[in-house]
Amino acid sequence: MNDDSGFDGIVSTDDIRPILIIPYMWIGDFVRGHSVVRVLNERWPNRPIDLLTTSLCAPLVDYMPGVRAKIVWDLPRRRLALAKQWGLAALLRAGGYATALVLPRTWKSALAPALAGIPERIGFVGEARFGLINHWRWGEKALPRFIDKNAALALPDGAALPPEWPVPQLRVPKAAAEHWRQANGLGSGPAIALAPGSVGASKRWTSYGEAARLLAEHGFDVWVVGGPAEKALASEIAASGGSRVRDLTGTDLRDGILAMAAAQLAISNDSGLMHIAAALGTPTMGIFGPTSPYHWAPLNGLAATIQTKTHLACQPCHRPVCKINDHRCMRDIQATDVVANARHLLRNIR
């Protein structure tokens, strides 16, 4: 690339061969994988980029700049599902892809690109994928954060690592967010979105109900956002917070994306919705307990992280369920502190 790009090499404008990216299929990881798209767009501005996605993550692709198309294909977890792999391989073969970037380090994720005969299949070493991956990347352990590991796959061989990687981004037209707000009968006042869900019970803060009540008392509309698994919890939060608190959980991820785009602030556990809000450029407060903000903090300049003031030797443990200290890393975070930080953040960005 040129000197302004931050990478070694030369920008190639003549190459028009399509590229396939196989990302991680968890929502937050899928969003952060957009850093790969941005590196590839800069390196090869005329090469179309497509994303393999599950039905769950598919709405995200519609808001990802630099992506030509999505391939929606659901493979069952924990099963090889060879017939479905063959079907996917046939679809990829018809796409004429010259390069596949396989972000997950699993044997299963690399199978369909190999069966499709994609000439260049790039990935980090993992699960003895010899023959499935034919262009290895090394040095993953020297890249401490997930975003670094993703984007490094898109660099040319021998390229110098840039001091900063491109931040993943999602773009929702302002008119679309406003239309969603009106369609849901939401007022025009300042709103704060709460995302109380997360994969792994230990990452869930336990005081959203009190925080919702305090925020409503300070004059904010409060939206509780999440999927079907958060429905019961959202109902409890709405009941404790009063008429200004709305349960907006549902089955379509697109509603979560639009809610985060329309909100003035998002408060979230370490979860997919936190990364969605950050990628949208919405001021985002991430509440962290068992996981490390260094690795997983929301990636935008209007972000903040909240952790317990109590020193805990077990933190971070990265465990899905707390087995010691009775979940103090989350229980000791006070709702009053979260609300005070939220109000401070909003005052600074207005």
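## A walk through the predicted model

Asp 337 is partly exposed, with 26% relative accessible area. Keep in mind that this is a predicted model. The side chain of Asp 337 meets that of Lys 309 in a salt bridge, 3.5 Å from N to O. This pair links distant parts of the chain: Asp 337 belongs to helix H14 (residues 335-349), while Lys 309 sits in the loop between strand S12 (303-306) and helix H13 (328-331), 28 residues apart from its partner. Lys 309 itself is exposed, at 73% relative accessible area.

### Other salt bridges

Searching the whole structure turns up 13 salt bridges. Here are three of them, including the one just described.

| Asp 337 | Lys 309 | 3.5 Å |

Take Arg 213 and Glu 217. How far apart are these two in helix H8? They are four residues apart in H8 (residues 208-217), which means they are separated by about one helical turn. As a rule, an α-helix has 3.6 residues a turn, so residues three or four places apart point the same way. Arg 213 is partly exposed at 32% relative accessibility, and Glu 217 is exposed at 55%.

Asp 332 and Arg 328 are both in the partly exposed range, with relative accessibility of 22% for Asp 332 and 29% for Arg 328. Elsewhere, Asp 15, Arg 17 and Arg 47 are tied together in a network of salt bridges.

### The nonpolar cores

Now for the inside. The largest nonpolar core has 74 residues, and those with the most contacts inside it are Leu 20, Leu 40, Leu 60, Leu 101, Trp 223, Met 260 and Ile 276. Helix H10 (residues 253-262) gives the most to this core, with six residues. Apart from this core lies another, of 31 residues, with Leu 194, Met 285, Cys 329 and Leu 345 among them.

What does Leu 60 touch, once its neighbours within four places in sequence are left aside? Its contacts are Ile 27, Phe 30, Val 31, Leu 170, Leu 253, Ile 257 and Ile 276.

Ile 276 brings us to helix H11 (residues 272-280). Nine of the nine residues of H11 are buried, so the helix is largely enclosed by the rest of the structure. The buried set is Gly 272, Leu 273, Met 274, His 275, Ile 276, Ala 277, Ala 278, Ala 279 and Leu 280. After H11 comes Gly 281, with a positive phi near 85°.

### How the helices pack

H10 also packs against helix H7 (residues 174-183), at an angle of about 105° and with the axes 9 Å apart. At that angle, H7 and H10 are roughly perpendicular to each other. On the H7 side the contact is made by Ala 176, Ala 177, Trp 180 and Arg 181, and on the H10 side by Asp 255, Leu 258, Ala 259, Ala 261 and Ala 262.

H8 passes H14 in a right-handed crossing. Glu 210, Ala 211, Leu 214 and Leu 215 of H8 meet Ala 335, Thr 336 and Val 339 of H14.

Although not a glycine, His 318 has a positive phi near 60°, and at 43% relative accessibility it counts as partly exposed.

Ala 81 is another non-glycine with a positive phi, of about 50°. It is found in the loop between strand S3 (69-72) and helix H4 (82-95). Is Ala 81 buried or exposed? At 15% relative accessibility, Ala 81 counts as buried, because the cut-off for that label is under 20%.

Last stop: Gly 139, in the loop between strand S6 (135-137) and helix H6 (146-152). Gly 139 is partly exposed, with a relative accessible area of 43%. From C-alpha to C-alpha, Gly 139 and Ala 89 are 29 Å apart in space, and they are 50 residues apart in sequence.

Terms used:
Residues are numbered from 1 along each chain as its sequence is written. This is a predicted model: local features need pLDDT of at least 70, side-chain atom pairs count only at pLDDT 80 or more; totals for chains, interfaces and linings use all residues. Side-chain values use heavy atoms; hydrogens and water are left out. A nonpolar core is a set of buried Ala, Val, Leu, Ile, Met, Phe, Trp, Tyr and Cys residues joined through side-chain atoms within 4.5 Å. Buried means under 20% relative accessible area, exposed over 50%, partly exposed in between (1.4 Å probe, protein chains only). Contact means heavy atoms within 4.5 Å. A salt bridge is a side-chain nitrogen of Lys or Arg within 4 Å of a carboxyl oxygen of Asp or Glu. A crossing is left-handed if the near helix is turned anticlockwise from the far one by less than a right angle, and right-handed if clockwise. Axes are lines fitted to C-alpha atoms, for helices over the stretch in contact, and angles run from 0 to 180 degrees between N-to-C directions. Angles under 35 degrees count as roughly parallel, over 145 as roughly antiparallel, 65 to 115 as roughly perpendicular and the rest as oblique.
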